[in-house]
Amino acid sequence: MLKRCGRRLLLALAGALLACLLVLTADQPPPPVPAERGRRALRSLAGPVGVAPVPVLEAATTPGALAREVHSLSEYFSLLTRARKDVAPPPRGATRPADGHPRPQAEPLVPHDVFIAVKTTKKFHRARLDLLLETWISRHKEMTFVFTDGEDETLARRMGNVVNTNCSSAHSRQALSCKMAVEYDHFIASGRKWFCHVDDDNYVNVRALLRLLGSYLHTQDVYIGKPSLDRPIQATERVSENKMRPVHFWFATGGAGFCISRGLALKMSPWASGGHFMSTAERIRLPDDCTVGYIVEALLGVPLIRSGLFHSHLENLQQVPASELHEQVTLSYGMFENKRNAIHIKGPFSMEADPSRFRSIHCHLYPDTPWCPRTATF
């Protein structure tokens, strides 16, 4: 009996000893990582402090997701995967600022909210204005005002909103500034929300224009267009009878068109209203579009919003894809590097019948126009 109990005791002791040895020789678990240290590691995956996060993730995260802190690696990659799935191409015609992201609509607009000033001269009434009256102006007469330098009863009957500025017909900076001064005063008197200036060789896509302007508030300081230079213009400002100083600023070229909010236009009044625009232009001895940039950027400190949706004859217009015409705000035609410069678009009209391509563009944007062939292909 005692021998059997002794054997059982020895076997139990041997088993316990073996179990202890197995526990001691097994791999130890890693020490727990402090929560803050783990979160720092996860944040490092998104980039160092001070560097913008991955755009795809930023664009897709909702306010709730941004407020929630990521606590695990799997959660981080899950959020990243959802972000990539959520990112889709912007809707057709969505307004894009310089960074490429579509801008949400801030203020719905109707055509009567916008004042479009078309600058011309009497000698171009038939050669240029008739084409605009046939195309884009025909649908938007209530928002379009023609500023010219001579009486034309035929034009007045067709158009209605024709203003004889009584300015010189010369293409000098004084004559151009004279017309801009009249444009500005008429806009202020109109009470409308937006002022847009274009030339008589511009096609205005009003749908795209309303989308673009609707992404800003007219009460804010907004000056939007396309510069013709790749750097700010350098000018000399006369500050007194015997004192000059250098000044530099960006300006949107009038050849592509530009727009100004009413909120900003009212702030321009001391330098632009009641004939002051011309005296301001003489301070820098530059044309009208440069003077607008001088007032807005140099005097008021409001930066130009550069937009690639405005186009002038000073650029190669054949580089504008026909598939993106519905997004463009203004188009043009003319000569570029001694060659005919116009939008390259297939359409129902030959180059001889439609050298500006404005008729083809109009039929592309408004195929229900009565004179557009129903079988046109683009």
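**Entry 1, ground rules.** Before looking for pockets I wrote down the rule: on a 1 Å grid over the protein atoms alone, a pocket is an open set of points with protein on both sides within 12 Å along at least five of seven lines, and lining residues have an atom within 4 Å of a point. I also noted that this is a predicted model, where local features need pLDDT of at least 70, side-chain atom pairs count only at pLDDT 80 or more, and totals for chains, interfaces and linings use all residues. Residues are numbered from 1 along each chain as its sequence is written, and side-chain values use heavy atoms, with hydrogens and water left out.

I looked up the lining and found 23 residues, with K119, R128, H171, L176 and D199 nearest the centre. The elements α8, β4 and α13 each give two or more residues to this lining. I got a volume of about 480 Å³, taken as the space filled by probe spheres set on the grid points, which are joined across faces, edges and corners. By residue class, the lining divides into 5 nonpolar, 9 polar and 9 charged. Here Ala, Val, Leu, Ile, Met, Phe, Trp, Tyr, Cys and Pro count as nonpolar, Asp, Glu, Lys and Arg as charged, and the others, Gly among them, as polar.

Of the 378 residues, 43% count as buried, meaning under 20% relative accessible area, while exposed means over 50% and partly exposed lies in between (1.4 Å probe, protein chains only).

Next I went to the loop between β2 (144–148) and α7 (153–159), where D149 sits. Is D149 buried or exposed? I noted it as buried, because its relative accessibility is 14%. Its side chain makes polar contacts (N or O pairs within 3.5 Å, one able to donate a hydrogen and the other to accept it; residues adjacent in sequence count only if both atoms are side-chain atoms). One joins the D149 and T121 side chains at 2.6 Å, and another joins those of D149 and K179 at 2.9 Å. The backbone nitrogen of K122 lies 3.0 Å from a polar atom of the D149 side chain. Leaving aside neighbours within four places in sequence, I found D149 in contact (heavy atoms within 4.5 Å) with residues including T120, N164, T165 and S168.

I found α9 (residues 206–213) largely enclosed by the rest of the structure, because 6 of its 8 residues are buried. These are V206, A208, L209, L210, L212 and L213. They pack against β1 (114–119), β4 (194–199), β5 (202–204), β6 (223–225) and β9 (258–261).

N166 has a phi near 60° and lies in the loop between β3 (162–164) and α8 (173–190). N166 counts as exposed, at 65% relative accessibility. R285 has a phi of about 55° and lies in the loop between α12 (276–284) and α13 (288–299). R285 is exposed too, with a relative accessible area of 51%.

How values were computed. Helices (H or I, at least four residues) and strands (E, at least two) are DSSP runs, numbered from the N terminus. On a 1 Å grid over the protein atoms alone, a cavity is a set of points where a 1.4 Å probe fits but cannot get out, and a pocket is an open set with protein on both sides within 12 Å along at least five of seven lines; lining residues have an atom within 4 Å of a point.
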